[in-house]
Amino acid sequence: MNKQTYFRLFRTAFLVGLTLFGALTVHAQEKAVSEETFKVLKEADAALRKGQSEQALRQLRAIQSKTVDKPYDHAVVQQYMAYAYSGVNDFRGARQAANAALNSKILDADAEHGLRNIAGQAAFHLEDYRESVTHLDRWLQREPKADADSYYMVAYAAYRANMSRSAIRHLERAVALKKSAPAEWIQLLLSLYVESKGYSKAEPLVKRLIADSPNKREWWRYLSGLYAQQNRHDRAISTMMLAYYIGEVRQEDVLNLVKFHAQQGYPSKAARLLEREIENKRVSRNYENLKLLFGCWQLAREHDKARRVLTEAASISLNGEDYMLSGRIAMQRGDWALAKQAFQKSLRKGGLKRKAHARLWLGIAALKSQDETLARESLEAVLNVADVKQEAAYWLKRMERGEKRHKHHGRGEGLGES
């Protein structure tokens with residue numbers, strides 16, 4: 001909300017002030033304002049009508065100290081001073097005078113009504129938002145002509161004061177009164193709804209924004225997110241697809257859609273989309289995106305495609321972790337030669353969190369692929385490492401038993417021949 005709106009509201013309050021003297025004539029007789037005070041107030045009223053707020057302030061200050069012992073006179077002088085201060089945009093003075101008049105508790109309801117408007121708006125300008133809401137909320141309750149801007153002002157003050165319920169209530173009224181509410185109003189109300197998990201209330205607001213700006217992907221993505229929060233995943237995906245096809249496609253849009261497909265149980269579709277966009281160069285062929293593609297192919301159980309992408313990611317990784325992961329996957333599939341090769345690359349690249357495990361697995365893969373020399377070298381290297389020494393010893397014993405059986409079998413064959 002900009003300052004121009006605030007000043008317009010202050011002028012509304014000031015116009016209310018121009019009716020003060022007419023009411024004062026009656027109240028002067030009823031509550032006996034002194035003749036001296038009455039004379040100054042009449043002159044101040046004339047100055048205010050002409051827009052001469054500074055002159056009115058000089059006149060009122062001259063009599064202010066003389067009314068201290070006259071409670072009603074003093075309250076009315078403070079009332080006039082509040083309007084005069086508002087006329088020169090002295091927010092601190094306006095708030096002080098308005099509060100002094102209100103705290104006297106001797107002015108009638110109409111006088112208090114106008115003063116709450118001034119006190120509330122002055123507090124707003126001084127960023128005392130909670131006090132602003134206190135005054136303006138009461139002012140709105142008795143103001144039948146309050147417009148959308150007034151309600152928005154109170155809503156914004158409540159928002160800044162962390163009074164979410166009050167902010168929502170006034171903002172809903174502001175949006176309802178405004179034929180074409182500004183996008184910033186609706187966005188604020190949206191954020192308040194989402195914060196309070198009022199997703200069903202947020203949905204029509206987003207659709208309203210989409211109707212005004214159908215080519216703005218931001219609103220389609222927002223609507224998709226609301227559907228997802230309500231577990232309406234089919235609607236969420238279809239809406240995200242609309243966002244994807246509207247206008248120029250950005251990398252962020254593609255990646256969001258890919259992740260969303262994968263999360264909702266469509267990893268194959270996610271992988272194909274991402275692979276296509278990488279080929280089209282709308283998505284960077286970097287490490288993070290390749291790992292995302294690998295994850296999608298893995299979830300889709302497309303193991304060959306997953307291994308191919310993982311190998312590419314491993315080649316540009318800063319460490320050997322991805323080569324080690326590739327080796328583990330190859331072991332699970334019984335592809336021992338490939339596993340051996342992957343573990344060797346992981347150790348050469350380095351930076352491993354579990355280097356001993358890589359050596360252990362290399363030893364097992366080497367043994368399974370008939371490379372006993374490498375197997376023994378790798379397993380013996382970790383015999384003193386606590387985490388893996390028992391498993392390494394187990395595989396070395398298996399090697400020894402295998403060698404013994406092989407030798408025994410060889411001798412048996414020799415005796416038979418002799």
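The axes of α3 and α5 come within 11 Å and cross at roughly 15 degrees, which makes α3 roughly parallel to α5. Angles under 35 degrees count as roughly parallel, over 145 as roughly antiparallel, 65 to 115 as roughly perpendicular and the rest as oblique. The axes are lines fitted to C-alpha atoms over the stretch in contact, with angles from 0 to 180 degrees between N-to-C directions, and the helices themselves are DSSP runs (H or I, at least four residues; strands are E, at least two), numbered from the N terminus.

What you have open is a predicted model, in which local features need pLDDT of at least 70 and side-chain atom pairs count only at pLDDT 80 or more, while totals for chains, interfaces and linings use all residues. Residues are numbered from 1 along each chain as its sequence is written, and side-chain values use heavy atoms, with hydrogens and water left out.

Staying with this pair, show the side chains of Thr37, Leu41, Ala44, Asp45 and Leu48 in α3, which meet Asp73, Val76, Val77, Tyr80 and Ala84 in α5, contact being heavy atoms within 4.5 Å. These residues divide into seven nonpolar, one polar and two charged, where Ala, Val, Leu, Ile, Met, Phe, Trp, Tyr, Cys and Pro count as nonpolar, Asp, Glu, Lys and Arg as charged, and the others, Gly among them, as polar.

Next, select helix α11 (residues 183-195) and helix α13 (residues 217-229), which pack at an angle of about 20 degrees with their axes 13 Å apart. The two helices are therefore roughly parallel to each other, and their crossing is left-handed. Here Gln187, Leu190, Ser191 and Val194 in α11 meet Trp219, Tyr222 and Leu226 in α13, a contact with five nonpolar, two polar and no charged residues.

Move on to helix α15 (residues 251-263) and helix α16 (residues 267-279), whose axes come within 7 Å and cross at roughly 160 degrees, so that α15 is roughly antiparallel to α16. Their crossing is left-handed. Val254, Leu255, Leu257, Val258, His261 and Ala262 in α15 meet Pro267, Lys269, Ala270, Leu273, Leu274 and Glu277 in α16, and the residues of this contact divide into nine nonpolar, one polar and two charged.

For the last stop, turn to the aromatic rings, where a search of the whole structure finds seven aromatic pairs. Rings of Phe, Tyr and Trp (its six-membered ring) pair if their centres lie within 6.5 Å, and planes under 30 degrees apart count as stacked, over 60 as edge-to-face and the rest as tilted. Select Phe124 and Tyr129, an edge-to-face pair at 5.4 Å centre to centre with 80 degrees between the planes. Phe124, at 3% relative accessibility, counts as buried (under 20% relative accessible area, with exposed over 50% and partly exposed in between, for a 1.4 Å probe and protein chains only).

Terms used. A crossing is left-handed if the near helix is turned anticlockwise from the far one by less than a right angle, and right-handed if clockwise.
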